[in-house]
Amino acid sequence: MTSQDRLPQTRHLVTEIPGPKSMAAMARRKEAVSGGLGMAIPVIVSRAHDAIIEDIDGNRIIDLGAGIGVVTVGNSAPRVVKAVQEAVEKFTHTNFTTAPYLGYIEVCEALNRLTPGKFAKKSILQNSGAEAVENAIKIARHYTKRPAVVVFEHAYHGRTNLTMALTAKNLPYKDGFGPFANEIYRMPMPYSYRWLGNPDTIAQDALDMVIHKIEKEVGAHNVAAILIEPVVGEGGFIVPPVGFMPGLQKFATENKIVFIADEVQSGFARTGKMFAVEHEGMEPDMIVSAKGIAGGLPLAAVTARAEIMDSSHVGGLGGTYGGNPIACAAALAVIEMIEEEKLVERAAHVGDILFAALNALKVKYPIIGEVRGRGAMVAIELVHAGTKDPNPEAMAKVIKYCQSKGVLILTAGTYGNVIRFLPPVVITDELLKDALGVLAEGFASL
Ligand SMILES: *Cc1c(COP(=O)(O)O)cnc(C)c1O
């Protein structure tokens, strides 16, 4: 593919959204596909390059969601496409535990090098974030010989049975899908914007509360793992107050508990660091990666201290497709791109543009209660002016307005009132500013 074949990085509408071809295909979707699946924008994709999605009616839409933070390096990034094409011609699958291949080993080497922590590390690869989180818990339990897992309010960890139990929010993720796995203990998350205590001492107060609850209600010696998202993703881009997570990890270490960072959404250059825990100089015992790791191919990983990863018996870990060779080739291309094209710095730059524009909007529109996040992972929480009452109605109107103008934006939040921005970090400044201009119009239209 030559560069001329790539979609221009400009917004361009030729029909209403959705156009007639998308509408016709949506009727087929309704007939053929389970009604249990949601949909952010009712268009059918024909192509997508970098931060532009083209639909089958020929509209070019700006993508501020990156397929839920997956195509960080851009959709169909040329280096990823090339790596995938070369890999797929060699072999499509052997199963790594049947006949191993170098790509898998190289992705593990890269993860062991890129994750924070100077200690010896090892990794395993899986297909999805949920599968990797399940493996993280499984490994931590086997290593510690303890059953309990500590998780937090507003957390999202996946949709499998164990990860539904780890996830906080009932609707839409859990309702009616139980019974759930046991030995999961949920602790308060210091959500600064909605914290009722003293804002100046929030990190220490929340830490004291969580440690007290673990000691009194669970018993630290029963806890295998503390699992936390360094930036809470689906929960609405809540950033735990500085000091809270390091304090938790210190408690974990003192009590021989495995401290696990779920970096599925926040990792891989998203927040202006390779991993979000680096903002506080942390070195977790274990890190779970997925979403941004392979430019859109399904891949996930668990990386941890070598002694933890080696505690399982041979054959105790595995899976048919985990670390598929094509996904591994894509991941290696993504890692090269992040390092050579300085995409960590690029994410910080995208974040600067987002924060400046969104803070300016907040001054103008009192329904924007808070602007928060890290790097290219930024959100606004919408409330009724002068209160902190959630305002999902305004959110829905703004999102709908943006869609009608060809800007795809995702939502989040326990109260369904958060607009989140996590574009491909390769988005051009011009395209991002065009999208933010449409967002401003959306607020003006309310
Ligand atoms: C998306 C996500 C998961 C689940 O990943 P899947 O690939 O959808 O299974 C787990 N944890 C976090 C923090 C996520 O954002």
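Predicted model: local features only at pLDDT ≥ 70, side-chain atom pairs only at ≥ 80, totals over all residues.
H5 itself runs over residues 129-144. Quite a few H5 residues are buried, among them Ala132, Val133, Asn135, Ile137 and Thr144.

## Around the ligand

Two of the buried H5 residues, Gly129 and Ala130, turn up again in the ligand's surroundings. Ser128, Tyr156, His157, Glu229, Asp262, Val264, Gln265 and Lys291 are there too.

A polar backbone atom of alanine 130 is 2.8 Å from an oxygen atom of the ligand, and a side-chain N or O atom of lysine 291 is 2.6 Å from a ligand oxygen. Aspartate 262 has a polar side-chain atom 2.7 Å from a ligand nitrogen. On its own the ligand has 380 Å² of accessible area, and the protein covers 82% of that.

## Helix H4, one face in

H4 takes in residues 102-114. Its 13 residues should span 18 Å at 1.5 Å each, which agrees with the 18 Å between its end C-alpha atoms.

Which residues of H4 are buried? They are Gly103, Tyr104, Val107, Cys108, Ala110, Leu111 and Leu114. Looking down the axis of H4, these fall within an arc of 160°, so they line one face of the helix. Their cover includes strands S4 (121-126), S9 (286-289) and S10 (300-305), plus helix H10 (325-340). Over on the other side of H4, Leu102 and Arg113 are exposed.

Technical notes:
Residues numbered from 1 in each chain as written. Heavy atoms only, no water. Helix = DSSP H or I, 4+ residues; strand = E, 2+ residues; numbered from the N terminus. Expected span 1.5 Å × (residues − 1). Buried < 20%, exposed > 50% of the residue type's maximum accessible area, 1.4 Å probe, protein only. Arc of directions from axis to C-beta. Contact = heavy atoms within 4.5 Å. Near = heavy atom within 4 Å. Polar contact = N/O pair within 3.5 Å; in protein donor to acceptor, adjacent residues only side chain to side chain. Areas by Shrake-Rupley, 256 points an atom, 1.4 Å probe, with all protein chains shown as cover.
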